[in-house]
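Dear colleague,

Please find the structure for your review below. My notes on it follow directly after.

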Amino acid sequence: MLPLPQQRAALRKTIPAHTVQTASPIAFLKRHCSLPELSSSEHDGLVAHVISELKERELLNDSGWPDTIIDGRTEGAIFKNLEPIVAAIGDICLLWDDEAQKLNDRTTTFECDGSNTTNSEVPGSSFMVDAKFILLERCTPTSNVSDSENDKADTVDISPAEFKKIVSDRADNEIKIASAANHTLFNDYSRRFVLGFTIEGVEMRFWHFSRSHIAVSPAFDYHQEPELFVRFAIFMTFADRIDLGYDPTVTRIRDANNKIQYQFEVDGKFYLTESFIAESAANDIVTRATRVWSVREYDPIKGTFIGSNSVVLKDVWLFSDAKGEKAIHDEIFAALKTLDDRLAAGTPLIALGLDDSPQVSLVEDAKPFFMDILQDVVVTFKRGDAQHADVAPAPESGYTPFSYFPGSKLRPAVLGKVPSSLRAELGTNEVPPVVEESEEIPATPIGDHPERTHRRIIFAHHCTQLYEVSDYADYALAMVHLLEGLNYLRLAGYVHRDISPGNCLVFKDPSSGKLQLKISDLEYARVYGADSSNVVPLTGTPGFMAIEYQCREHQFLPFSRTNCVSSSATFRLRDAPKTKLGPPVATQNFANTPWFRFNYLHDVESALWLYCWLLLHRLPESISDRLSASQCDSIGRYARELFGITLVPNGMRSRFMGSFLGHGDTFGAVVRFLTSLYGQDEDYGLSLLRGLDNFQQLATYYMQVEASTQVSSDRSFKWADKEFHPSFYRQLQSVFYDVFIALQGSQLQATRIRQVAPLKRVALAAAVSDEEEEEEEEEVRPSKRAKLQKSRPFASRSSAGSKQPRVQSWFSSSLYVIFYLRCNLYILHRCTTYISFLC
């Protein structure tokens, strides 16, 4: 979890677009705070009865709540008097219920004490609030270690409130209530939403924080309209756990070491957590809130595990109209099975998009490159006699956008955090923000908040996210596998649309040590050509999006074949203002781009950005240990410019790809900078940079595909599948395989940069904790290498596996000069060729 000041700064950036205001306070209460046991008339009757009794007890009069009138007392002293008021409301309701027999027993108690810090299961998720409704029956089993900790309220057991004496302090209340809700949702796996309220002077507002949106009521004078607060207090006191936002399918259990583990129910089966894998994506309010655990099937009655195999559980909130990951996975393999059947019937390889026969079958050959999904279900729970799906509803009609922090400026977002392997150690490790989870980026203004459905998915294999791979040779081999998996997606007719390090998982067989990359997170995968991205929202992780996709414009189209006004026979990169790095930045302007189609090359470009990310965020230990402050600053600048989170087109990536169209030399500048770093490792440094050659291959293929057929004005137009040939994937794979062969057996470890120079606006993207994360990697034996080469003939080399000789510094410089000249000659040759072709 982020430190409190940084978290609040981040919330100021993210939550305004997700917050809506209800039409009235009573509309909020009817939507979010209605006891299902009571009818509308019974609600009204109970509230009227409580108001009458409060006046009899002199806790309320015609002017309002006399004990909470704003005067010279401190804030705490004034609002402390809400405690006996809420307690009296509960007592009156219980007396009324002696005859009505409608209410549950009390579920919460109300406490006003802003000096107590809550307990938290995650360091950094403890906080103080001015007041809170606390569950009487705790979610967390009592600790057998510390009685003092048992006496404190747990973050998971509360619903927060914040108070201020004057209305002008409204902004402080808003960020504090949002921060408390964010902490609660992050800390508590069983929390589906959070309710709370704020008071500024005499103005009260109710709050509802969920994974689909944040709802707030209009402010009202709670002295003049006491019935609204009474109704809210009744609900918060007597609502059951489900109505208070708790998930009944999650149970906390203390293990033999007194650590809290979590029992999840998945379609009638129970799984108990063993270790934490990832949850950085849940470090926000409105999000998919992806969390991943290593779990084992569990018998809660006997208290024993079932079987010995561990599996992976993924908990996520997806848009309700999205297909489940297993459904898409099955469709992809059904498409490959159709190709197998056609191949068996004698259809030529080239007609199926193949350049070689499968080793067994397309289905069997493709399986290692995708996750094995055992279960994929919607979370449901029982209410009465019926099962209900767990959903975060969309706002009702009549809700309006809400304005936060009047008169203040929104601060820039800060870096995210990714937890370490144990949840009890969260909040210590920083990673670049681009590894945050992907999300759909709404194409419409704020206020469009689709309903989300809570899902749980069980995977057979325990994998590591690609950005955690520390061995360079393993990373290069994983890139080979990634391109192979994307080729199978192409054969099935699917585009992934969200290739990122978090969605590329590496599985290492514990017995053989064999590494295998698997493509995951298929929720956004679509049939190629099924929709137009100018209509549907962008999807994916911004730091790795193909620049054409982020711009929603095909940058490599000739002018003469587009709807643009100019008829110049050249290629285009839209003009835009300059930045401190020099060349133009792409701007978001869709006026002249009525059509765009996401295609297979955009997934490939995202894959190449993964490799570029590695070179800028990880360095060999032989280099990172001697970085100067200026080098650290330059690394941070390039990393920030290329991979900083931005929903508008990334300017530097536009210029990077534009280099291949003759627009500046950003690609050359990046290569020169990386050469100055990696050239210091005279054994392997320059070998790593060979992977950047694939950007040239990609740019050439972009030009070839986009010049192959005249673009139609019909929005259903797409380039034919035959334009995307498997030989292109083989060419890219061969480059990465060459890198793998050069590094094989070197045990060259990528290390995260520790000593960095402070940056003015955004912390260095590669900043991490001082904890070292090293893995022992097995050396690949020659027999294993020969077998791999045999299965991949495009990568075979006579010098495979031989260690590169040491090169002197003058020779490194010479290699760089040759490489740089070759890049520029190549660009000139390609542009001349295509201009001649168009003419």
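**Findings**

Asp 521 is buried, with a relative accessible area of 9%. This residue lies in the loop that joins strand E24 (515-519) to strand E25 (526-527). For context, most residues other than glycine have a negative phi. Please bear in mind throughout that this is a predicted model.

A positive phi also occurs at Asp 267, which is not a glycine either; the value there is about 50°. Asp 267 sits in the loop between strand E10 (260-266) and strand E11 (269-278). Is Asp 267 buried or exposed? Its relative accessibility is 60%, and Asp 267 therefore counts as exposed, the threshold for that class being over 50%.

**The protein as a whole**

The protein contains 22 helices and 27 strands. Of its 839 residues, 57% are buried. The exposed surface comes to about 33500 Å², and carbon and sulfur atoms supply 51% of that area. Among contacts with a separation of 6 or more, 75% are between residues 24 or more positions apart.

**Two helix pairs**

Two packed helices are described by the angle between their axes and the distance between the axes. Both values are given below for each pair.

The crossing of H2 past H8 is left-handed. On the H2 side, the contact is formed by Pro 25, Ile 26, Leu 29, Lys 30 and His 32, and on the H8 side by Leu 228, Arg 231, Phe 232 and Phe 235. By class, the residues of this contact are six nonpolar, one polar and two charged.

The other pair is helix H13 (residues 600-617) with helix H20 (residues 726-743). Their axes come within 12 Å and cross at roughly 10°, which makes H13 roughly parallel to H20. Here Tyr 600, Leu 601, Val 604, Leu 608 and Tyr 611 of H13 meet Phe 728, Tyr 729, Leu 732, Phe 736 and Val 739 of H20. Which classes of residue make up the contact of H13 with H20? It has 10 nonpolar residues, with no polar and no charged ones.

With kind regards

Terms used:
Residues numbered from 1 in each chain as written. Predicted model: local features only at pLDDT ≥ 70, side-chain atom pairs only at ≥ 80, totals over all residues. Heavy atoms only, no water. Left-handed = near helix turned anticlockwise from the far one by under 90°. Helix = DSSP H or I, 4+ residues; strand = E, 2+ residues; numbered from the N terminus. Contact = heavy atoms within 4.5 Å. Nonpolar A, V, L, I, M, F, W, Y, C, P; charged D, E, K, R; others polar. Buried < 20%, exposed > 50% of the residue type's maximum accessible area, 1.4 Å probe, protein only. Areas by Shrake-Rupley, 256 points an atom, 1.4 Å probe, with all protein chains shown as cover. Axes fitted to C-alpha atoms, helices over the stretch in contact; angles between N-to-C directions. Parallel < 35°, antiparallel > 145°, perpendicular 65-115°, else oblique.
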